[in-house]
Amino acid sequence: MAGVPVDTGDLGDGTYRNPVLAADWSDPDVVRVGEDYYLTASSFGRAPGLPLLHSRDLVNWTLVGHALERLVPEEEFTRPRHDRGVWAPSLRHHDGRFWIFWGDPDHGIFRIDSPSIDGPWSSPHLVKEGRGLIDACPLWDAETGEAYLVHGWAKSRAGFNNRLTGHRMSPDGTKVLDEGRTLVDADLVPGWFTLEGPKLYRHEGRYWILAPAGGVATGWQGAFRADSFFGPYEERIVLSQGDTDVNGPHQGGWVRTGTGEDWFLHFQQTGAHGRLVHLQPMRWDADGWPVLGDEGSPVRVHRKPDLPEGPASRPAVDDAFPGGAFGPQWQWTANPGADWTRAHEGRGLHLACLRSGRAAEDLRSVPHVLTQRLPAGALTVEVRLRLDSEVPGARAGLVVLGDAYAWIGLERDADGGPLLVHRFAPANADRERDAARARPLDSAEALLRIEVTADARCRFSYDAGEGPVRLGPEFAATPWRWVGALLGLFAAAPEGEGHAGTGVFDDFRVLTTPSAAAR
């Protein structure tokens with residue numbers, strides 16, 4: 001496949017270009033520990049959850065794993081639930097441990113902790129129970145010895161939003177110590193709406209809450225400060241689109257480097273590609289307020305942080321599946337079963353053709369789809385597939401998954417013969433249908449390919465040994481509720497008894513086109 005690896009935001013000349021994470025790393029938060037920087041993001045209903053990224057310069061990032069192996073309560077996540085689960089986590093380092101707090105809008109505020117970013121992470125602990133509690137963030141106040149917790153509200157569950165609530169918290173982070181008070185009611189702030197995603201800090205004797213408002217696609221970043229945790233708070237807009245092309249630059253975290261520089265990481269909502277992460281310079285004005293970006297407008301290109309140079313890197317997307325294992329870039333669309341993959345020696349991912357009537361109708365409703373984020377930009381996705389099954393109706397394939405989806409892959413016909421199939425489902429449909437006529441093959445093996453344009457239009461093709469063959473019309477990828485479009489692998493079979501075989505995937509690759517990679 002012609003092309004180059006998916007690139008980073010590092011321009012190689014001491015500057016960077018936003019986004020620094022060109023994929024759906026939604027609602028990021030960041031913390032520095034020594035010379036290392038760590039980032040986590042929302043993972044909603046996918047498992048494992050709470051991705052963990054590492055950087056030495058805030059521009060080049062690698063994905064090192066996940067903090068949450070399985071979603072809880074487990075019985076709630078046996079099927080895809082993309083509007084539930086882990087919302088807007090906060091990542092902190094305190095008392096020699098890493099801490100992550102998050103809100104699940106249907107159950108309450110959870111936290112986990114670990115002595116190392118590599119684990120082991122504790123089991124999720126419910127800090128505050130209730131519906132509508134989201135976007136939680138703790139603060140251990142070194143000046144007073146107190147611990148605090150702030151969170152937002154989801155109107156879909158609580159009946160209201162645009163409000164931040166604060167609690168005193170036990171120092172071990174296991175419980176709140178009071179009924180909570182409203183810290184900021186943005187209904188009382190002219191022009192403000194959808195206040196959420198608070199991050200809580202102590203700076204120069206004041207309590208600071210950095211929180212977005214105005215909606216995901218068109219909002220702004222706010223800052224609130226008070227002399228007491230419980231207020232009163234005064235507010236200011238510190239980052240907004242201005243005259244730039246960066247819509248809704250908001251929701252993220254502030255970090256101070258070891259050299260004393262301040263930086264802010266936030267997201268930009270971009271449709272099918274989800275929420276891309278930008279890095280903004282940050283300083284403090286004469287009145288003690290933070291100034292983000294270029295005098296409050298987001299930067300596209302800027303000098304890199306004053307940190308040691310390292311190799312250009314980005315979270316992994318390619319995978320050769322050594323020993324049948326998949327890399328940390330992959331997540332299931334629900335809590336996985338133990339028999340969904342099969343370990344073996346050598347290369348290739350063996351996905352069991354799980355028997356499910358729904359898999360033949362709508363891939364959005366089945367849990368055994370292995371996914372990763374669709375990177376932004378013009379690119380080509382390839383994977384080699386072999387369908388090791390003789391069961392009529394058994395299938396496996398490569399999918400672009402969202403509110404609408406389309407896939408290409410292999411299926412066994414009524415007589416067990418191999419077919420190349422291409423199917424899709426519009427956003428308003430409850431079952432899929434053909435995007436192209438099925439094509440008989442001589443063998444149940446093919447190279448599957450999706451060419452994706454910069455605006456997420458997808459062109460499907462395959463190669464069964466006689467050269468590439470294009471199938472069907474273009475498919476426009478779509479986001480999926482709160483997440484961007486996903487690339488996925490799956491294997492399935494009709495309902496019945498006994499093992500139905502496996503789909504064997506090998507050499508998954510994502511490459512940009514030369515024109516897209518050029519600067």
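1. Ala147 stands opposite Met169 in S13. This pair belongs to the antiparallel pairing of S12 with strand S13 (residues 163-169), which extends over 5 bridges; strands here are DSSP runs of E with at least two residues, numbered from the N terminus, and two of them pair if DSSP finds at least two bridges between them.

2. The model is predicted, so local features need pLDDT of at least 70 and side-chain atom pairs count only at pLDDT 80 or more, while totals for chains, interfaces and linings use all residues. Residues are numbered from 1 along each chain as its sequence is written, and side-chain values use heavy atoms, with hydrogens and water left out.

3. S12 also runs antiparallel to strand S11 (residues 133-140), to which 6 bridges join it, and within this pairing Cys137 has Val150 in S12 as its bridge partner. The hairpin of S11 and S12 has 6 residues between the strands, and Gly145 there takes a positive phi near 80°.

4. Strand S12 (residues 147-153) is largely enclosed by the rest of the structure, because 7 of its 7 residues are buried, that is, under 20% relative accessible area with a 1.4 Å probe, protein chains only.

5. A cavity is a set of points on a 1 Å grid over the protein atoms alone where a 1.4 Å probe fits but cannot get out, and lining residues have an atom within 4 Å of a point. Residues lining the second largest cavity include Leu68, Phe77, Trp102 and Asp104.

Note on methods
On a 1 Å grid over the protein atoms alone, a cavity is a set of points where a 1.4 Å probe fits but cannot get out, and a pocket is an open set with protein on both sides within 12 Å along at least five of seven lines; lining residues have an atom within 4 Å of a point. Buried means under 20% relative accessible area, exposed over 50%, partly exposed in between (1.4 Å probe, protein chains only). Helices (H or I, at least four residues) and strands (E, at least two) are DSSP runs, numbered from the N terminus.
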